[in-house]
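This briefing goes with the sequence and the structure shown below. Please keep both at hand while reading.

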Amino acid sequence: MPELRSCFTAGYACLAAWADLLDRINVFPVADGDTGTNLRISLTPLRDSKQDNATIRALLTRRAIGNSGNIAVAFFREFCLAEQVRELAEQAAIGREKAWQAVASPCKGTMLSVFDSLVTSLTSQTLSDLSSLYPHVLPELQKAVRSTQEHLPSLQKAGVVDAGALGMYIYFEGFLRALTVQIGKADPILSAFAGQLDIQSSFFRSEPAADTSKRRQYCVNAVLHKDEHIDSGTPEISPVATLNTLGESVVVLEDESQLKVHIHTDEPEQLRQSLASFVSVIHWEAEEMREPRKVSTIQGDQGSKNFPASHQSFHILTDAAGSLTRETAAQYGITLLDSYIIAGENVRPESLCEPAEIYSRQRKGDRVTTAQASSFERYQYYESLVQQFGPCLYLSVGSSFTGNYAAAMSWKKEHDPDELLTVIDTGTASGRLALITLLTARYAQQANKSNEKNEVLAYTHALIEECREYVFIDELKYLVAGGRVSKAGGFFGDLFGVKPIVSPINNTVQKMGVARNRKGQLAFAQEKLRKQAAGTTPPLILLQYSDNEEWLRETVQQQAREQLPQAEVLVTPLSLSSGVHMGPGTWAIAFAPQRPVS
């Protein structure tokens, strides 16, 4: 039997692989498209199988964000304390009670119903006989998810199951599959919940027209000092009940001295002042809630799917190590595969980090590193994507930089008999990978459908040869800290003011020159742009910043537009995989010709 801790990790990997689908079908309590994102961030501590239970429990509390994330953490803070299989039912029951108590207005038809079903199923089983656990529990959890529409009118109107409930089903399916060492693939999600994973277009059309005078809604995550003013010690006047009078979607996680609070409000500053008048506010985050995301749908052989408005006959995925934001990727229907950024005890998927916070910590001297997703987690992503989209094209970060390409080829060998996943080792990262992926997606939208795949692959390979990038490093000490250059080289480089200019080419990083200051960096970049101006096709230029966005937009972007007025110039954050190793002050320029479709 596998270690129980590794089963918690397996559950997280499965959940992460389906997080984008959870975002797409997120309707209740607010259709803001973030259930999968919040669960990925909140439950990240479960992916570390080496941490002790007490540490994981504390990290879960600190990481919890959003409505779904806080409710899930209320459960998993207790469930993760199980150290042996025989303790699972008891800890699940405790977690279920804590989750129901944490929600100010709990209701059936959410992940709370899945917790109920899990407890009932585990309690009725003899946990010493694991062989019957998976086939007994999974159908009951499926039933709980399918029935969510019966309890919540908004789900019935949208034609989908509850995103949080589905997320918990996916987690427990992976957890139990690992625990009972199931052989073969899991039941396909699209088949298990056929007809319930596609928001009906009428759901958005039936919504009332936007009222421009309506106040904006904010999602607040706060930590409050727990004292007699907010906690009377009586069930009749609990902290949850008290806070429920101040906003909506209230979820409260309690420990001995603090309250972790999630709440929706249209007056965040007024809420903060109200709380501060009778309790100490230790931490405060208020984020404006997103508008519901509308997606078009395509009916395919494997069931209904959610796609962006513009699409091609195959789905494109790439690594977040390319300098593409989640917003840009979503615009072109591209899936990003994350590595993880580790800043102290905080671990987050790369594309869900706040770059400003990461670079600020680096400048303060904090250690920030990166970590790859496990092979198992990557396998879950490949399986999820071919289930959802059928044929996929994976433009992998260079194989010399990570093991992603090898992992994809290994998965194909064992799990892809129908050749649904095509994998290309681009040999690149950062801006080159972003441009290759972005231009491939654009080309695929216009390619000749009768020969689309061959045309697109030929175009992609040409881009790999033609695309260029130059990365301007401000201080070598971050490369030294990451082991990328020797300490002696880093010391003398900084001592004499040397700022290296490097380029990722053919699975290597080559030194292209040095500069003494930003003026020298700009002169180098201008020379490269002058050569592009002589070409017959205006290029697409991608400018990337670390913590120097304002300077890059005011100076570099302006000069690029003056030199190449016909070129398209995009500005984007440098991928954090690169930024963490190269450090604050780094910036980069990448460019590639935009060939017309033949």
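The model is a predicted one. The protein chain has 598 residues, and 55% of them are buried. It holds 26 helices and 19 strands.

**Overall make-up**
- Among contacts in the protein chain with a separation of 6 or more, 74% are between residues 24 or more positions apart.
- The protein chain has an accessible surface of about 25,600 Å², and carbon and sulfur atoms account for 50% of that surface.

**Charged patch**
- A patch of negative charge on the surface is formed by Glu-285, Glu-287, Glu-354 and Glu-357.
- Glu-287 belongs to strand E4, which covers residues 281–288.
- Glu-287 counts as exposed because its relative accessibility is 58%, and exposed means over 50%.

**Backbone features**
- Most peptide bonds are trans, and most residues other than glycine have a negative phi.
- The peptide bond between Phe-28 and Pro-29 is cis, with omega at about 0°.
- Pro-29 is located in the loop between helix H2 (19–24) and helix H3 (35–42).
- Ser-249 has a positive phi, near 50°, and is part of strand E2 (residues 248–254).
- With a relative accessible area of 21%, Ser-249 is partly exposed, because the cut-off for buried is under 20%.
- Ser-430 also has a positive phi, near 50°, and is placed in helix H20 (residues 430–446).
- Ser-430 has a relative accessible area of 4% and is therefore buried.

Terms used: Residues numbered from 1 in each chain as written. Predicted model: local features only at pLDDT ≥ 70, side-chain atom pairs only at ≥ 80, totals over all residues. Heavy atoms only, no water. Patch = residues over 30% accessible without salt bridge, like charges linked within 9 Å, V, L, I, M, F, W, Y side chains within 5 Å. Areas by Shrake-Rupley, 256 points an atom, 1.4 Å probe, with all protein chains shown as cover. Salt bridge = Lys/Arg side-chain N within 4 Å of Asp/Glu carboxyl O. Lys, Arg positive; Asp, Glu negative; His and termini not counted. Charge placed at Lys NZ, Arg CZ, Asp CG, Glu CD. Helix = DSSP H or I, 4+ residues; strand = E, 2+ residues; numbered from the N terminus. Buried < 20%, exposed > 50% of the residue type's maximum accessible area, 1.4 Å probe, protein only. Contact = heavy atoms within 4.5 Å.
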